Amino acid sequence: MAEEPGFQITVAELQKHNTKGDCWVAVHSKVWDVTDFLDEHPGGPATTDLTTHHQNKALSRRIMIQPRILRDVKNVDTRRNILGCESSSPFFISPAAMAKLAHPDGEIALAKAAASEGLIQCISNNASYPLSSIVQSGKPNQPFFLQLYVNHERHKTEELLRKARDLGIKAIFVTVDAPVPGKREADERIAAEAIQSAISGASASNDKKGGGLGRLMAQYIDKSLTWSDIAWIKRVSGLPVVLKGVQSVADARMAMEYDVDGIFLSNHGGRSLDTSQPAILNLLELRKKCPEVFSKMEVYVDGGFQRGTDIIKAIALGATAVGVGRPYFLVYGQAGAEHLTSILKDEVEVTMRLCGITSLDQANPDLLNTSDIDHLVRESHKFPQIPPKPIRARL
C-alpha cells in the first residue's frame with residue numbers, strides 16, 4: 001500500500017501520482033502503489049478508482065456451463081452478424097462516455113483496435129472526440145453504431161442523426177433508461193476536471209454536490225421522450241434503431257409493438273437506478289417469460305461480462321451479441337484494446353470447443369445450469385390488494 005492502514009489520502013494527492021515512475025491506484029477505498037507492477041497492470045498508468053474492475057464475481061459467474069464431449073471441434077466459427085454487420089466475434093465495444101479520461105487517444109484508439117480486430121464499436125453520444133474523427137480513424141466501410149441521448153433541443157438531435165447517417169453509421173442505439181441521471185455517489189466524490197464532450201457539447205465541472213461527471217453532463221437529456229418518438233428517430237436517421245436500457249419483459253413486449261430493430265438489456269452499469277437487477281438476470285427472465293422476442297428482433301446485453309465464458313452464456317440464453325464496456329477503459333490505448341480483444345476471442349473459442357460446439361448458432365440453454373439463480377426470476381407481479389382505508393369524518 002502507498003501508506004500505512006488508516007492514513008487518509010485525498011483525491012488531490014492521489015492524482016499527483018500518475019506517471020510511470022510513480023503510479024498509485026484506488027481499489028475499494030484503499031490506495032496501492034503499483035509503480036513496480038505497472039508494465040503488467042491491465043490499466044497501465046491510471047489513478048482512477050478501479051473498484052468496478054475488481055468487483056466480486058458477477059451474477060453470470062453463478063450460471064454453470066455443462067460441457068459436451070467427443071465432438072469434432074477442429075474448426076470453430078466465432079463470427080456474428082450484428083444488425084447486418086459482420087463481426088469477427090459475438091461481442092462489441094459498448095458505449096461509455098469520455099474515453100479520453102482513461103487514455104489520451106480515447107475513442108480514436110478504440111476505433112483503430114476495432115478495425116484491426118474486426119469488431120464493431122458503439123460510439124457514445126458523450127464521446128471525447130468528434131464523431132467524424134472517430135469514424136475516420138478506422139478503416140473504410142468499418143461498421144460503427146452510435147449511442148444516442150435525445151437532446152431536449154430536438155433540432156440538435158436531428159442534426160446529429162443526419163450527420164451519423166452521412167458518415168456511414170450503421171445503427172442508432174437510443175438510451176431509454178436515463179431520462180435523468182442516477183445518484184452516482186462515487187462519481188460525485190471525485191473532483192471533475194472542466195471537460196466537454198466533442199459530440200454532444202455537454203460539459204462537466206464541479207458544483208456544490210461534488211464532481212458528478214455523469215450528472216452534470218446529462219443535463220441536456222430530454223425527459224419527455226416516449227414510445228411515439230421512436231418513429232421520429234427512425235424517420236430522421238433512416239437507420240435501424242435499438243433501444244438501450246430495456247430492463248423488463250413488459251418493455252420488451254412494447255418494443256415489439258413499436259417495430260424496433262433490437263433491444264439492449266442494460267442497467268447503465270448499475271450506476272443509474274440503485275439496486276436495479278443485473279442485465280444477465282433480465283436476459284434469463286426474458287428467455288423464460290417472452291421467448292418470442294428473440295425471433296422478432298435482435299437482443300443485446302451488457303454489464304459485468306468479463307470473460308469469454310460469460311459471453312457464451314449470454315449467447316446460449318438467446319442474446320445476439322454482448323457489449324463489453326468498462327474493460328476497454330482499463331486497458332492502455334490501442335495496443336491494450338487489441339490485447340484485451342485477443343484474450344476475449346481466445347476465451348470464446350476455447351469455451352465453444354469445450355462445450356462441443358463449432359458455431360454460435362449451436363449455443364442454447366441446454367449447455368447451461370441456471371438453477372443457482374432461477375429463483376431470482378420473478379414469478380408474478382401480482383400482490384394481494386390492500387383494502388381501502390375507511391373514510392373518517394373531520395370534526
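Which residue is the bridge partner of Val-246 in S14? I looked it up, and it is Leu-265.

Ground rules first. I am working on a predicted model, so I note that local features need pLDDT of at least 70 and side-chain atom pairs count only at pLDDT 80 or more, while totals for chains, interfaces and linings use all residues. Numbering runs from 1 along each chain as its sequence is written, and side-chain values use heavy atoms, with hydrogens and water left out.

**Strand S13**

I took helices (H or I, at least four residues) and strands (E, at least two) as DSSP runs, numbered from the N terminus. Strands count as paired if DSSP finds at least two bridges between them. S13 covers residues 241–246 and runs parallel to S14 (residues 262–265), with four bridges joining them. From S13 the chain passes through helix H8 (residues 249–257) to S14, a right-handed β-α-β crossover. Right-handed here means that, with the strands pointing away from the viewer, the path from the first strand over the helix to the second runs clockwise.

S13 is also joined to S10 (residues 171–175), again parallel and by four bridges. There I found Thr-175 opposite Lys-244. I checked cover too: six of the six residues of S13 are buried. Buried means under 20% relative accessible area, exposed over 50%, and partly exposed in between (1.4 Å probe, protein chains only).

**Cores**

For a nonpolar core I used buried Ala, Val, Leu, Ile, Met, Phe, Trp, Tyr and Cys residues joined through side-chain atoms within 4.5 Å. The largest has 79 residues, and Ile-172, Ile-263, Leu-283, Leu-286 and Tyr-328 touch the most other members.

**Cysteines**

I searched for disulfides (cysteine sulfur atoms within 2.5 Å) and got zero. Cys-23 is buried at 0% relative accessible area, and Cys-85 is buried at 8%.

**Rings**

Rings of Phe, Tyr and Trp (its six-membered ring) pair if their centres lie within 6.5 Å; planes under 30 degrees apart are stacked, over 60 edge-to-face and the rest tilted. I count nine aromatic pairs. Phe-92 and Tyr-300 sit edge-to-face, 6.0 Å centre to centre with 90° between the planes. Phe-92 is in strand S7 (residues 91–93) and Tyr-300 in strand S15 (residues 298–302), so this pair ties together parts 208 residues apart in sequence. Phe-92 has 0% relative accessibility, and Tyr-300 has 0% too.

Next I looked at Tyr-149 and Tyr-220, which are edge-to-face at 6.5 Å and 85°. They are 71 residues apart, Tyr-149 in the loop between S9 (144–148) and H4 (154–167), Tyr-220 in the loop between H6 (213–217) and H7 (229–237). I also noted a cluster linked by ring pairs: Phe-92, Phe-145, Phe-173, Phe-264 and Tyr-300.

**Positive phi**

Leu-83 has a phi of about 55°, in the loop between S5 (80–82) and S6 (85–87). Asp-259 has about 60°, in the loop between H8 and S14.

Are these residues buried or exposed? Leu-83 is buried at 14%, whereas Asp-259 is exposed at 53%.
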